[in-house]
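Look over the model below, then read on.

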Amino acid sequence: MTDIGPGTGRRGVGELSGGQNRRIKEPRTATEMPPSLGACRPTVPTSDPNTGLFIKTYGCQMNVYDSTRMADALAPHGFAPVAAADAAGVIILNTCHIREKAAEKVYSELGRLRALKARRAQAGQRLTIGVAGCVAQAEGEDMLARAPVVDFVVGPQAYHRLPHLVARARRGARLVETAFPTEDKFDHLPLPQAKATVSRGPTAFLTVQEGCDKFCTFCVVPYTRGAETSRPMAQLMAEAHRLVDAGVREITLLGQNVNAWHGAGPSGAPSTLGRLLFELAKIDGLDRLRYTTSHPRDMHAELVAAHRDLDTLMPYLHLPVQAGSDRILKAMNRQHTVHDYLTLVETLRQARPDIALSGDFIVGFPGENEADFEATLALVRRVGYAQAYSFKYSPRPGTPAATAAAHVPEEVKTERLARLQALLADQARAFNGAMVGRTVPVLLDRAGKRPGQLAGRSPYLQAVHLQAPAHRRGEIVPVVIDAAHANSLSGHMAPAPAGAGQIDGDAA
Ligand code: SAM
Ligand code: SF4
């Protein structure tokens with residue numbers, strides 16, 4: 001979970017603007033107060049001075065990116081991030097629906113916020129609470145009915161409507177905006193201000209693609225995020241330039257299915273993620289590129305070539321396979337076999353021999369027997385992952401697998417997950433252990449946990465901690481790795497090799 005902390009948005013109260021013509025569903029409930037009449041350009045009521053914004057982010061990096069764009073959308077209207085919910089006038093929960101109990105977690109959090117809102121009300125102050133993200137999309141109006149504390153519910157495709165929603169909510173309306181709008185939110189969201197970008201550090205996310213057309217039988221994404229859409233290359237290049245001009249040195253391209261990106265290229269014809277990476281790599285000052293999350297079916301030749309040819313494309317790839325049994329992959333509708341996946345891994349390793357692989361695994365998918373699970377362990381042994389994520393299958397309402405026969409008992413799922421995670425942990429330890437004694441370039445992107453420490457990432461996305469003066473934050477420095485821990489490395493700064501740009505393990 002990530003929170004949008006204090007930023008540098010302009011304080012004060014501004015007029016809200018943009019897109020007020022769209023219909024917003026406003027359920028008639030007992031708690032609803034009518035929005036003010038003739039509010040064509042609603043403004044934040046000046047009697048309501050608390051413009052502190054607190055966004056609590058659940059789930060994946062795409063939600064982290066969305067939260068920054070929400071903050072950017074509200075910044076021109078006077079809302080500035082604050083460090084804690086207690087200090088906020090507007091709280092947004094940016095939710096994730098990928099696994100079970102997601103909605104319950106959100107309702108528990110809303111229960112806690114109810115007390116805060118009641119205290120504010122006693123003091124004569126308004127606290128506006130919104131729910132965004134995939135739980136908002138899935139629950140819609142039910143959420144307003146079940147949680148009277150909520151003022152507005154907004155789906156992921158309508159964040160450009162936030163200023164309007166917040167203004168209306170602060171006037172007393174209760175609102176739901178979960179329809180997939182005809183207009184593209186990216187055409188309406190303001191670009192991040194340089195000051196806000198600087199405050200977020202030297203790494204940034206950039207969503208290039210949203211939604212998914214693959215329809216894996218376990219997954220809610222095609223329903224909550226909708227059909228696959230790709231942003232045009234020119235729009236992405238402009239956003240990337242803006243980030244780099246503000247000091248960003250590493251950009252991670254995001255998408256639910258990022259390598260399916262097929263946005264319009266310079267001629268207007270659909271392009272490929274590989275081509276986009278080649279173009280982004282030309283930006284002066286952009287030292288590192290990454291992308292996530294990829295589907296094995298969409299690893300096209302130009303993308304493999306980008307791994308081969310681009311020093312700025314980091315040698316790390318998150319390539320989920322989910323299972324190691326063809327029977328289960330078919331039932332999951334993954335559209336690839338174990339052989340396809342292993343062949344792809346081989347091709348990638350030929351193109352970039354030091355590439356570190358990560359993956360996602362689901363254990364206990366309906367119908368998975370012991371032999372299927374053993375096949376997953378065999379695939380993991382064969383590939384050798386630098387790190388990976390693994391989950392017990394969790395039935396998601398509305399997905400085909402949720403109503404499949406032969407659900408695997410919970411205790412079997414638990415036991416299989418423990419065995420898989422033990423194997424993945426051994427592989428991660430071995431991968432990290434092999435770094436000890438090597439010198440790797442680390443982009444120092446944040447303060448460390450201990451005084452005098454900075455932390456950053458190796459090319460292989462490992463977290464690295466070291467003693468370093470605070471002013472070195474934002475630099476890529478050579479670090480000698482002294483020790484490997486379960487999920488991170490520690491080391492000390494080494495002098496850069498005289499006259500060389502190349503450091504062991506990376507060309508950054
Ligand atoms: N698009 C990526 C792909 O095709 O692999 C995955 C994106 S999905 C949002 C992130 C991960 O959540 C999946 O790779 C899968 O391992 C996990 N996941 C999704 N639905 C799940 C479910 N119903 N139960 C358990 N894990 C699930
Ligand atoms: Fe979900 Fe990924 Fe499958 Fe799309 S490709 S349905 S996002 S798991």
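## Second largest pocket

The second largest pocket has 19 lining residues, and those nearest its centre are Gln157, Glu183, Asp184, Glu210 and Thr229. This is a predicted model. The space in this second largest pocket is about 270 Å³.

Three elements each give at least two residues to the lining of the second largest pocket: helix H6 (185-188), strand S9 (209-210) and strand S10 (229-230). By class, the lining of this pocket holds eight polar, six charged and five nonpolar residues.

## Largest cavity

Rolling a probe the size of a water molecule over the atoms shows where empty space is left. In this model, the count is one cavity of 30 Å³ or more. The largest cavity holds about 30 Å³ of space.

Its lining consists of Asn259, Thr272, Leu273, Gly274, Asp298, His300 and Leu303. Four of the lining residues of the largest cavity are polar, two are nonpolar and one is charged.

## Helix H11

Leu303 also belongs to the buried set of helix H11 (residues 301-309). What do the buried residues of H11 pack against? Their partners are helix H10 (273-280), strand S12 (288-292), strand S13 (316-318) and helix H13 (338-351).

Gln322 sits in the loop between S13 and helix H12 (326-331). Is Gln322 buried or exposed? Its relative accessible area is 7%, under the 20% cut-off, so Gln322 counts as buried.

Why is strand S5 (residues 128-132) described as largely enclosed by the rest of the structure? Five of its five residues are buried, so the strand is largely enclosed.

In a regular strand the side chains alternate between the two faces of the sheet. In S5, Thr128, Gly130 and Ala132 point one way, while Ile129 and Val131 point the other way. Residues on both sides of S5 are buried. Strand S4 (residues 90-95) runs parallel to S5, and five bridges join the two. Across this pair, Asn94 stands opposite Ala132.

Strand S17 (residues 453-457) is mostly covered, with four of its five residues buried. Strand S16 (residues 439-447) runs antiparallel to S17 through four bridges. Leu443 is opposite Arg457 of S17. The two strands form a hairpin with five residues between them. Gly452, in the turn, has a positive phi of about 80°.

S17 also pairs with strand S18 (residues 463-467). This pair is antiparallel and has five bridges. Here Leu454 stands opposite Leu466 in S18. The S17 and S18 hairpin has five residues between the strands, and Leu461 takes a positive phi near 70°.

Definitions and conventions. Residues numbered from 1 in each chain as written. Chains lettered and ligands numbered in written order. Heavy atoms only, no water. Buried < 20%, exposed > 50% of the residue type's maximum accessible area, 1.4 Å probe, protein only. Contact = heavy atoms within 4.5 Å. 1 Å grid on protein atoms, 1.4 Å probe; cavity = no way out; pocket = protein on both sides within 12 Å on 5 of 7 lines; lining within 4 Å. Points joined across faces, edges and corners; volume = space filled by probe spheres on them. Nonpolar A, V, L, I, M, F, W, Y, C, P; charged D, E, K, R; others polar. Pairing = 2+ DSSP bridges.
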